[in-house]
Amino acid sequence: MKTLLSLAVGLGLGTLSSTLLAEPDGRALFEQYCTVCHDRGMEYPGTARLADRWPQQPSLLDREPLEPDYVRRIVRHGLNMMPPFRPSEISARELDALARYLSTSAAQKNKIEDKEK
Amino acid sequence: MERILPPQVNGEAFRGFVAEAQKAVGRDYVYLDLEWELPAYNDEYATLPKALHQPSAAVAPANVAQVQAVVRAAGRYGIPLWPISTGKNFAYGGPAPRLAGAVVLDLKRMNRILEVNEKHAYAVVEPGVSYMDMYRHLQSIGSKLWIDPAAPGWGGMLGNLVDHGAGYTPYGDHLLMQCGMEVVLADGTIAHTAMGALPGSRTTHLYKYGLGPWADGLFTQSNFGVVTRIGIWLMPEPPGYTPFMITYEREEDLYEVTERVRPLKLNNIIPNAATTVEMLWEAAVQKQRRHYHTGKGPLPESARKKLRADLQIGVWNFYGAVYGPAPIMENNLEIIRDSLTSIPGAKIYFDDDRKGDIGWEYRRQLMRGIPNMTEYNQMNWIPNGGHMDFSPISPVTGEDAMRQYSLIRDRVNRAGFDYIGEMLVGWRDMHHIFALVYDLQDEAEKRRANQLFGELIDAAAAEGYGEYRTHLDFMDKIAGTYNWNDAAQQRQRERLKDALDPSGILGPGKMGIWPQRLRKEGV
């Protein structure tokens, strides 16, 4: 119940009824919490930061697969300028779904994106 | 990381509270894990050891009844609570409590948008609603209402407002646009303020003051109650919007710009919270310092000159906007142009002139009520950047603007930091925001930043300037500068605190207000 409720809350009123019965959707969570800093473009602070180390794939949308455990640690502990996210924002189960999404390849992410469109 | 219990609380009392809190909100929403849950409640950009503001636990209720239950349990066990909404106020301490060992009352899960009223142009929200959430919601329902987002836009609408935050549209003075409030008091009572105190009131969110003393302000920047719901007036979408930017070449132009902006603001020719931005603020949101200078200390003039050329910016950069039907915008723009561009070297830019410019684009969005995170790029100015904001209020005069600018710049540069600042012009004041950016991996630099901040407070107070908001570390010190007539205001607040919260459980130390039993904790 914990995850179902918190996911519904996290996604806002408009999606409440449709998400109550759904499993956490990693891509939706990424869009809700991560794209504001990690979308494509140097106006996004996370992307601008990562451009130093990953100039060819600074946006997490284009990044090579990330280890799920690495994602969990960064989300809960932050990394340099990135502050951590609290369990009231992203629950443990949502974090698992988010980590799974970020562990897919850029091609797979784009495939999911196209399918959604 | 080891657990820190609140002062005057033993393990038995803490466990008793935790058990009651778990019963109230569910075990899943009482966070105790020191490895995976509580680190996110620390002050991520702390310049002093994080343990100084480390909570013992966090509790996340989902509704007001659960807030009441948690507050009552805290009262029974003497547990200090630190309420937060979205917890994104990182320049001032983020979600961390002032008092080590306090339990964070995390209201993020209370994120319902309770009402959007198109006819009367307002919304009613719970604490967990961010600017991003509200913007997305308004878009999804096809609303013709604008929000006034703070920068960056992941902040909470309620939390920012009760912390006296500001934005960049004509609704930039957030507290001014507040109307109606629900508060849980320290004994668990729910109170509705002003018109909302009338059962069945039809004007709760239309008239701010009700009858008798207006109490809403007492629950802002305070620890007298937990605000669980708020009415916020929203701006109807105007028929037109024209943002502009004017660049100025010389440091001393700040004097004349400020003198000329004052009448334009007083007469509402420029209706929005217009902003005079120093060049390094512009640079920091889109460039990295090391690409212009790799040495320590303030950026040399040669590097500053190259930045100005590369970014097509001035030493000062004024951002404003006009709104309304085309004839009104054209008329006001003519007055603005006559006044602000007749300063030698001034250049005016509009949207078509600055396509693809990151600094322009995020300002254009903010003045139009579109939240974004671009300003967070300031932390990219240096590797591993963190920041605290020093925020004195200034009169809108050239003399005061120059005095405050010099006061801060000189001390900041002497301490080896860059001056990254802006002056946001409100109705009759300027919020002077200096973003003190430091390297989170450099302990010596962090200590220096903390010391500098304290020096700035003293120097500003000596010149008659006070800050409007501050980081956890400096709440006591700044509260101490508001000490006229033997600190009569502070003593009044303490009397209110003792009357409204005799157990002293709500937000101990918030803005220098301590409950009687912990008053010695303050400075």
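Me: Which residues does B:V257 touch, not counting residues up to four places away in sequence?
Reply: Touching means contact: the C-beta atoms of two residues, placed from the backbone, lie within 7 Å. Leave out residues up to four places away in sequence, and B:V257 touches B:Y248, B:T276, B:W316, B:F318, B:L340 and B:I343.

Me: What kind of model is this, and from what number are residues counted?
Reply: It is a predicted model: local features need pLDDT of at least 70, side-chain atom pairs count only at pLDDT 80 or more, and totals for chains, interfaces and linings use all residues. Chains are lettered from A and ligands numbered from 1 in the order in which they are written, while residues follow each chain as its sequence is written, numbered from 1.

Me: Which helix holds B:V257?
Reply: Helices (H or I, at least four residues) and strands (E, at least two) are DSSP runs, numbered from the N terminus. The place of B:V257 is within residues 253–266 of chain B, which form helix α5.

Me: Is B:V257 buried or exposed?
Reply: A residue is buried if 20 or more other C-beta atoms lie within 10 Å of its own, exposed if 12 or fewer, and partly exposed in between, with C-beta atoms placed from the backbone. B:V257 has 25 C-beta neighbours inside 10 Å, so it counts as buried.

Me: In β4(B), which residue is the bridge partner of B:A58?
Reply: Strands count as paired if DSSP finds at least two bridges between them. Strand β2 (residues 57–59) of chain B pairs with β4(B) in the parallel sense over three bridges. There, the partner of B:A58 is B:V104.

Me: Which residue in β4(B) stands opposite B:P83?
Reply: β3(B) pairs with strand β4 (residues 103–106) of chain B in the parallel sense over four bridges. In that pairing, B:I84 stands opposite B:D106. Opposite B:P83 stands B:L105.

Me: Are the residues that point each way from strand β3 of chain B buried or exposed?
Reply: Strand β3 covers residues 81–84 of chain B. B:L81 and B:P83 point one way, and B:W82 and B:I84 the other. All are buried.

Me: Which residue in β10(B) is the bridge partner of B:V125?
Reply: Strand β6 (residues 122–125) and strand β10 (residues 226–233) of chain B pair in the antiparallel sense over four bridges. The partner of B:V125 is B:I230.

Me: How far apart are the centres of domain 2 and domain 4 of chain B?
Reply: Domain bounds come from an automatic or database domain assignment. For chain B it gives domain 1 (11–106), domain 2 (113–236), domain 3 (241–473) and domain 4 (476–521). Eight residues of domain 2 are in contact with twelve residues of domain 4. Taken over C-alpha atoms, their centres are separated by 25 Å.

Me: How many helices does chain A have?
Reply: From the N terminus on, its elements run α-α-α-α-α-α-α. Chain A has zero strands, and its helices number seven.

Me: Within what arc do the buried residues of α5(A) fall?
Reply: A:V71, A:V75 and A:R76 are buried in α5(A). Seen down the helix axis, they line one face of the helix, because their arc (of the directions from the helix axis to the C-beta atoms) is 115°.

Me: Which elements of chain A give two or more residues to the side that touches chain B?
Reply: The contact takes 26 residues from chain A and 39 residues from chain B. The elements that qualify in chain A are α1 (2–10), α3 (26–38), α4 (45–50) and α5 (68–77).

Me: How many residues on the side of chain A that touches chain B are charged?
Reply: Ala, Val, Leu, Ile, Met, Phe, Trp, Tyr, Cys and Pro count as nonpolar, Asp, Glu, Lys and Arg as charged, and the others, Gly among them, as polar. The side of chain A that touches chain B has 13 nonpolar and seven polar residues, and the charged ones number six.
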